Every structure is written in structure tokens, then in C-alpha cells.
Amino acid sequence: MDWKLEVVVVPVADVDRSKLFYEEQAGFTVDHDTRLRDGVRVVQMTPPGSRCSIVVGTGVIDSAPGSVKGLQLVVADIEKAHAELAARGVEVSPVQHFVAGARVNGHGEDWNNFVFFNDPDGNGWAVQEAPTAA
């Protein structure tokens, strides 16, 4: 039996601001923006090419806005991903890799090339380059 991660709830302070960030700056597709009842709004968005979505909203999670760290996307071309995020106004780190647990600017070996960014609330994202053979 396959178990597939479908949705990750990301705690935010301002749903509209987050929706704009993820849609216009991070390039996610808005799947739906639904008000289920008073105090409950669910905005589901999906990164390009992903089968897993994120949800932001009101009345969906008790975690503090900005408390999610380590969300990770995988891309084929880290330079292209960096350029795309920067062109959309995302404050994105330079391409970095890890040496002895510390981030170092520049490219590393296969599976060791990343860029990092935060959403407006401080939820932390990593974008990792996957080897072309993967």
C-alpha cells in the first residue's frame, strides 16, 4: 500500500498576504479558497509539478504563525529556481551547500545544492537540486 503526503498545513497570521506570496512570488497554483463557515477559511495551493499541497487559513491549525521550518521542494535546476524566485521578489539565499553541518555559499556535490527562503510569517523553505539522473 502506498502512503502519499497530500497536504501540509502552514500556520500564517494573514491569509490574504500569504495567498498573494505563495501564488505571485513562490509560483504556487491556488487550488481553492473556501470559507467553510464563520471563522474557518481554507486556501489550498500547490507548487508547480507537485502532488503535495499546502494549506493556509483560519480555524485550521493552532500552531503559531511562522513556526514551520524545514519545508522542502526539489527542482532539477537550482540556478533556474533561484533566478525565478528572485525575479518574483522573494528574498532567497544564494546557492549554498552543506559542509560539516554548516551552510557554505556555492555549489556542492549531487543532492547538496540548496536555496532557502521564508514566507512573510517566517515559515522556512529549502529548495534542493536533485541530480538529473534521479
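Here are a few friendly notes on the structure above.

1. Some ground rules come first. This is a predicted model, in which local features need pLDDT of at least 70, side-chain atom pairs count only at pLDDT 80 or more, and totals for chains, interfaces and linings use all residues. Residues are numbered from 1 along each chain as its sequence is written, and side-chain values use heavy atoms, leaving out hydrogens and water.

2. Start with the overall fold. The protein chain has two helices and nine strands (DSSP runs numbered from the N terminus: helices are H or I with at least four residues, strands E with at least two). Along the sequence they follow the pattern β-α-β-β-β-β-α-β-β-β-β.

3. Next, look inside. Of the 134 residues in the protein chain, 41% count as buried (under 20% relative accessible area, with a 1.4 Å probe and protein chains only).

4. Now find the largest nonpolar core, which has 24 residues. Such a core is a set of buried Ala, Val, Leu, Ile, Met, Phe, Trp, Tyr and Cys residues joined through side-chain atoms within 4.5 Å. Tyr22, Phe28, Phe117, Trp125 and Val127 have the most contacts inside this core. Among the elements giving it two or more residues are helix 1 (15-25), helix 2 (78-87) and strand 9 (124-129).

5. Leaving aside residues up to four places away in sequence, Phe28 touches residues including Tyr22, Met45, Ile54, Leu73 and Trp125. Contact here means heavy atoms within 4.5 Å.

6. Finally, step back to the whole chain. The C-alpha atoms of the protein chain fill a box of roughly 50 × 40 × 25 Å, taken along the principal axes.

How values were computed. Buried means under 20% relative accessible area, exposed over 50%, partly exposed in between (1.4 Å probe, protein chains only).
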